[in-house]
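Hi there,

Here is the structure I promised to pass on. Have a look at it first, and then read on for what turned up.

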Amino acid sequence: MTDIPSQEAFEAGPPNRPTWPALHRTMTGHCPNCGEGKLYTGYLNLAKSCACCGEDLSHARAEDGPAYLTILVVAKILGTLMLYVFEKYQPGPWSIAIGFSLAAIALSLVLLPLFKGMIVGIQWAKRMHGF
């Protein structure tokens, strides 16, 4: 009969950190550790470390994830809204093109930092360090 390994045998490293507080902090643009320091040095440039608590943020790698999520959400929202507006009001093609293009740009600029913060917060909470 073989021995069944204990739970401690499966834990290889420090435990995960609380995910929801980290998500809330990073989606509002703050440090996932203390919630006070700035997460970004610019629009989407991550800070190397937190100015308040010194937490190392240089390992965070969001890569293309925020862009994919932004495209998915913006396309779903605006595609549905475009169908509704066209069926209800019958606007001209230029009105639709200009209006929804501006809406897509504005919505993308708002959602992109939120999704990047979300991915960085999950990485920090689960101790997932990019390579």
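One term before the findings: a nonpolar surface patch is made of residues with over 30% relative accessible area and no salt bridge, with nonpolar side chains joined within 5 Å. Please also keep in mind that this is a predicted model.

Tyr43, Trp94, Ile98, Leu102, Ile105 and Leu109 together make a nonpolar surface patch of about 700 Å². One of these residues, Ile105, has its place in helix α4, which covers residues 93-125. As for the whole surface, the accessible area of the chain is about 8900 Å², and carbon and sulfur atoms account for 65% of that.

Now the overall layout. Of its 131 residues, 27% are buried. If you take the contacts between residues at least 6 apart in sequence, 58% of them join residues at least 24 apart.

Helix α4 also comes up in the packing. Two packed helices are described by the angle between their axes and the distance between the axes. For helix α2 (residues 19-27) and α4, the angle is about 145° and the axes lie 8 Å apart. The crossing of these two helices is right-handed. On the α2 side, the contact is made by Thr19, Ala22, Leu23, Thr26 and Met27. On the α4 side, Leu114, Gly117, Met118, Gly121, Ile122, Trp124 and Ala125 take part.

Best wishes

How values were computed
Residues are numbered from 1 along each chain as its sequence is written. This is a predicted model: local features need pLDDT of at least 70, side-chain atom pairs count only at pLDDT 80 or more; totals for chains, interfaces and linings use all residues. Side-chain values use heavy atoms; hydrogens and water are left out. Buried means under 20% relative accessible area, exposed over 50%, partly exposed in between (1.4 Å probe, protein chains only). Contact means heavy atoms within 4.5 Å. Accessible areas come from the Shrake-Rupley method with a 1.4 Å probe; for residues, only the protein chains shown count as cover. Patches are made of residues with over 30% relative accessible area and no salt bridge: like charges are joined within 9 Å, nonpolar side chains (Val, Leu, Ile, Met, Phe, Trp, Tyr) within 5 Å. A salt bridge is a side-chain nitrogen of Lys or Arg within 4 Å of a carboxyl oxygen of Asp or Glu. Helices (H or I, at least four residues) and strands (E, at least two) are DSSP runs, numbered from the N terminus. Axes are lines fitted to C-alpha atoms, for helices over the stretch in contact, and angles run from 0 to 180 degrees between N-to-C directions. A crossing is left-handed if the near helix is turned anticlockwise from the far one by less than a right angle, and right-handed if clockwise.
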